[in-house]
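Please examine the sequence and the structure shown here.

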Amino acid sequence: MKVPLLDLKPQYRALKTELDAAILRVSESQHFILGPEVKTFETGIARHSSCKHGIGLSSGTDALLIALMALDIGAGDEVITSPYTFFATAGTIARVGAKPVFVDIDPDTFNISPAAIERAITSRTRAIMPIHLYGQMADMDPIMEIARKHGLRVIEDAAQAIGSEDAKGRTACSIGDIGCLSFFPTKNLGAFGDAGACVTNDDALAAKMLKLRVHGMEPKYFHELIGGNFRLDEIQAAVLNVKLPHLDSWSESRQRNAAFYDRAFARAGMGGRVVTPPPAPRGARHIYNQYCIRTTRRDELRAYLGANGVGAEIYYPLALHMQQCFAYLGHKPEDFPESLRATRETLALPIFPELEESQLQYVVDTIAAFHRQ
Ligand SMILES: Cc1ncc(COP(=O)(O)O)c(C=O)c1O
């Protein structure tokens, strides 16, 4: 049996008529930039994130960048984040001229450890950028409390966590100053290419981001700020408008698949021993952009799965504090031991909504067979 890590074709086949019609609609209108599709999507994505404003952008990376720019973060500033994330989180901090200050993760959730944040605060700290990794929200109450106490801004990197909720029912992106989303095709809501958005409840920040998205221009050819070309295009917005109404049911299918794995690992006597499934969300809403297990024989297991037709991926093999481009920060691997351990132990299994139960069972059986060898 073949079980790919991700197959986007079943989703496309199910919505082909509507998706093709949406693209054709834009083709026929010849209105490609900041038209009605982007406007509709911005209203929809703001509502979905329980926020007042949505700003459609060119990618999740640009969403992080524009959020930092809107908060005037730049040279001499420090932003606290975790080194166990996709590169863009810290890459954008460095690109605005600020210093990424890493703190370690909580080993259960893979999210930034609030206890470690306060120790990293200096007189230069301007913001905290928690990541809701794999689809599960970071522990926002203590993060917001620290931010309030020290006068810091909070940018939520929710690229992997659209529509996730914490145990109090608060939606990702609705708690900090600005929330950043990615619609990279592998995300729960994926465009037909690159796309992203910022959402916020702050009127002034929303107005500033709308300007920054078009080179800080308003009115046309008059530039109050230095921004960039960070626009979401009409074709991507049209695709996202077709997909957005289906997002919650896709995330529910991912949750169902995750619950199947959890039960099957427990039944096979592996849960919590040879394989540690992701932590139970404890009343929160995990949207399972990834279902990552921990296992000490990770690389061997990945090779075995591959040889038996199962796709599995490592997110992430090298923590950001050890990336060559951040050598100037002077970190040693052991500076963040939990991040280091996560890079050695985690493995993402197929979790996409359209998987059949027989495929999920095959993944579990293959992992069981590996451990019996
Ligand atoms: C945690 C995180 N932050 C930021 C990004 C950047 O998003 P994009 O690929 O849309 O630029 C991603 C996407 O891969 C991500 O996973």
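Predicted model: local features only at pLDDT ≥ 70, side-chain atom pairs only at ≥ 80, totals over all residues.

**The ligand and its surroundings**

A backbone N or O atom of Gly60 lies 2.8 Å from an oxygen atom of the ligand. In Asp157, a polar side-chain atom is placed 2.8 Å from a nitrogen atom of the ligand. In Lys187, an N or O atom of the side chain is 2.8 Å from an oxygen atom of the ligand. Of the accessible area of 390 Å² that the ligand has on its own, the protein covers 92%.

The shell around the ligand can next be considered as a whole. It consists of 16 residues, of which Gly60, Thr61, Asp157, Ser182 and Lys187 come nearest. Sorted by class, the shell has 7 nonpolar, 7 polar and 2 charged residues. At least two shell residues are supplied by each of helix H3 (60-70) and helix H4 (88-95). Helix H3 gives the most, with 3 residues.

**A nonpolar patch on the surface**

Attention now moves to another part of the chain. Phe32, Ile33 and Leu34 form a nonpolar patch on the surface, and their accessible area together is about 230 Å². Leu34 belongs to the loop between helix H1 (9-29) and helix H2 (36-48). Is Leu34 buried, partly exposed or exposed? Leu34 counts as partly exposed because its relative accessibility is 31%, and the partly exposed class lies between under 20% for buried and over 50% for exposed.

Technical notes
Residues numbered from 1 in each chain as written. Heavy atoms only, no water. Near = heavy atom within 4 Å. Polar contact = N/O pair within 3.5 Å; in protein donor to acceptor, adjacent residues only side chain to side chain. Areas by Shrake-Rupley, 256 points an atom, 1.4 Å probe, with all protein chains shown as cover. Helix = DSSP H or I, 4+ residues; strand = E, 2+ residues; numbered from the N terminus. Nonpolar A, V, L, I, M, F, W, Y, C, P; charged D, E, K, R; others polar. Patch = residues over 30% accessible without salt bridge, like charges linked within 9 Å, V, L, I, M, F, W, Y side chains within 5 Å. Salt bridge = Lys/Arg side-chain N within 4 Å of Asp/Glu carboxyl O. Buried < 20%, exposed > 50% of the residue type's maximum accessible area, 1.4 Å probe, protein only.
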